[in-house]
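Welcome! Here is a short tour of one structure, taking a sheet and its helices in turn.

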Amino acid sequence: MPELPEVETIVRDLRPHLTDRRIESVRAGRRPLRRRWQKAWATQLQGSVILDVTRRGKWIVMPLDSGHSLVFHMGMTGQLRAIAAAEPHDSHTHLVFTLDDGTNELRFRDIRRFGSVTLFADPAALEEFFTQSRLGPEPFDIDPTYWRTRLAATQRCLKSALLDQQLVAGVGNIYADESLYEARLPPTQRGTDTPRGEADRLRRAVAVVLRRAIDQRGSSIRNYVGGSGLKGQYQEEFRVYGRTGKPCPRCRTGIERIRLAGRSTHFCPKCQKVESEETRAKSRKR
DNA sequence: ATAGGCGCCTGCTGGC
DNA sequence: TGCCAGCAGGCGCCTA
């Protein structure tokens, strides 16, 4: 579920609740998440102070005063919330951290259990993890040359490229489709067939779309809620995602849905056509 | 090395 | 009403 805007919203919601809070205790459920929870972690976490709540791609990172880092991934249905300790537990709650303010608990809930929670021993171990997985740059400060070069080097279609976390961190299925629409590029176009002007357009479109979505606290289709339990609103502004058969906001043509990179892909067949050589030549002059 | 497909889980919807 | 197929904000592992 959550892509960058949703994860960013969780981080912003949680930060004021968690910064400088001491973890008093940790209770872990028995059902496994994608990475198995180590029993020893509960002991290591006890008494640690959360220094900050940050984000890298779709990962939530909490550096602790012990030097450890507590790292979460939301998978498809993960929820990480600060909730009043008195509130009853929802089903599928896998981890509960009690805090020294006594009123709120940090709870991790995940229906499908594609999410994960990991404790890294020190900043170097965390850095090593991101390096090994070759996590790409944040979408807001991508070097234009890097972007053009990487796109030009791949045979994959643009949709598939956008979903690759090694190319750019944080984009998922919704924002890949919305970004391609914003850039007026066909999701099926190969990276290698994308001239520099179009690569630049796509790079900017990704940043614009993600910023808009963050402003709306992300998108809530079914499960997603932010760190305070509030839903997002960006689903109200989708131009193509989930709008199969509905009119394109620009040209009223029906939005089409195809399967690409194993994911359902939405686009306007008229606005997102492969550009002719003349059009490309014109935009080069501009 | 690169690209595509499948499996991991649970829950919901729509068609018969 | 019940059943079954298909679908879902992700990612890691396997294959060719």
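Let's begin with a pair of residues: Leu70 stands opposite Leu119 in S8. This is a predicted model, in which local features need pLDDT of at least 70 and side-chain atom pairs count only at pLDDT 80 or more, while totals for chains, interfaces and linings use all residues. Residues are numbered from 1 along each chain as its sequence is written, chains are lettered from A and ligands numbered from 1 in the order in which they are written, and side-chain values use heavy atoms, leaving out hydrogens and water.

**The sheet**
- Strand S4 (residues 69-73) pairs with S8 in the antiparallel sense over 5 bridges; strands are DSSP runs of E with at least two residues, helices are runs of H or I with at least four, and both are numbered from the N terminus.
- Two strands count as paired if DSSP finds at least two bridges between them.
- The order S2-S3-S4-S8 makes an open sheet of 4 strands with antiparallel pairing.
- Strands S2 (54-56) and S8 (116-120) each have a single partner strand and stand at the edges, so one side of each is left without a neighbour in the sheet.

**A helix across the sheet**
- Helix H3 (residues 123-132) lies across S2, strand S3 (59-63), S4 and S8, at about 165° to S3.
- Axes are lines fitted to C-alpha atoms, for helices over the stretch in contact, with angles from 0 to 180 degrees between N-to-C directions.

**Two packed helices**
- Helix H4 (residues 144-152) packs with helix H7 (residues 196-215) at an angle of about 115°, their axes 9 Å apart.
- The contact (heavy atoms within 4.5 Å) includes Trp147 and Leu151 of H4 and Ala199 and Leu202 of H7.
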